[in-house]
Amino acid sequence: MNIPYLENNLFFDEVYSVSHIKNQAKLLARNITFFDQFIAIGHVGTSGEMIYEILNEYIPAYKEVANFVTLTELVPELQLVK
């Protein structure tokens, strides 16, 4: 059907605990250098504040080895969807 799609590679918060989210942040740090694309998802609800605090620590290290892009940059066809 030629429908563009992306797949998530990592959930930060399928378990709502600081230790789990930190482990996921470390896992992302290990994996982003091995893949051309790596999609990690976290939620802003119940665990949003925990994710925010942890990612603030890790984002500088991520930026040293990877570029942050929007989903539409990964799949330009999504720009046509409104």
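Q: Is Ser47 buried or exposed, and what relative accessible area decides it?
A: Ser47 is called buried because its relative accessible area is 0%, and buried means under 20%, exposed over 50% and partly exposed in between, with a 1.4 Å probe and protein chains only. Ser47 lies in the loop between S2 and H2. Leaving aside neighbours within four places in sequence, Ser47 is in contact with Asp13, Tyr16 and Ile21, where contact means heavy atoms within 4.5 Å.

Q: What kind of model is this, and how are its residues numbered?
A: This is a predicted model, in which local features need pLDDT of at least 70, side-chain atom pairs count only at pLDDT 80 or more, and totals for chains, interfaces and linings use all residues. Residues are numbered from 1 along each chain as its sequence is written, and side-chain values use heavy atoms, with hydrogens and water left out.

Q: How many helices and strands are in the chain, and what pattern do they follow?
A: The chain has three helices and two strands; these are DSSP runs numbered from the N terminus, helices being H or I of at least four residues and strands E of at least two. Along the sequence the pattern reads β-α-β-α-α. Of the 82 residues in the chain, 23% are buried. The C-alpha trace spans about 40 × 30 × 20 Å along its principal axes.

Q: What makes the largest nonpolar core a core, and which residues belong to it?
A: A nonpolar core is a set of buried Ala, Val, Leu, Ile, Met, Phe, Trp, Tyr and Cys residues joined through side-chain atoms within 4.5 Å. The largest one has 11 residues in all: Leu10, Phe12, Ile21, Ala25, Leu28, Ile32, Ile51, Ile54, Leu55, Tyr58 and Tyr62. Helix H1 (18-31) and helix H2 (48-65) each supply at least two residues of this core, and H2 gives the most, with five. In soluble globular proteins, nonpolar side chains tend to be buried together.

Q: Why is Ala25 called buried?
A: Its relative accessible area is 0%, so Ala25 counts as buried. Ala25 is found in helix H1, and beyond its neighbours within four places in sequence it is in contact with Phe12, Ile54, Tyr58 and Tyr62. The C-alpha atoms of Ala25 and Leu10 are separated by 9.4 Å, although the two are 15 residues apart along the chain.

Q: How do you know that the buried residues of H1 are on the same side?
A: The buried residues of H1 are His20, Ile21, Gln24, Ala25, Leu28 and Asn31. They cover an arc of only 140 degrees around the axis, which means that they lie on the same side of H1; the arc is that of the directions from the helix axis to the C-beta atoms. These residues pack against strand S1 (10-11), strand S2 (40-41) and H2.

Q: What span is expected of H1, and what span does it reach?
A: The expected span of a helix is 1.5 Å times one less than its number of residues. With 14 residues, H1 reaches 20 Å from its first C-alpha to its last, close to the 20 Å expected.

Q: Why is Ile39 called buried?
A: Ile39 has a relative accessible area of 13%, and therefore counts as buried. The place of Ile39 is in the loop between H1 and S2.

Q: What makes Phe35 and Phe38 a tilted aromatic pair?
A: Two aromatic pairs are found in a search of the whole structure. One of them joins Phe35 and Phe38, at 5.5 Å centre to centre and 50 degrees between the planes. Rings of Phe, Tyr and Trp (its six-membered ring) pair if their centres lie within 6.5 Å, and planes under 30 degrees apart count as stacked, over 60 as edge-to-face and the rest as tilted. The pair is therefore tilted. Phe35 is partly exposed, with a relative accessible area of 44%, and Phe38 is partly exposed at 22%.
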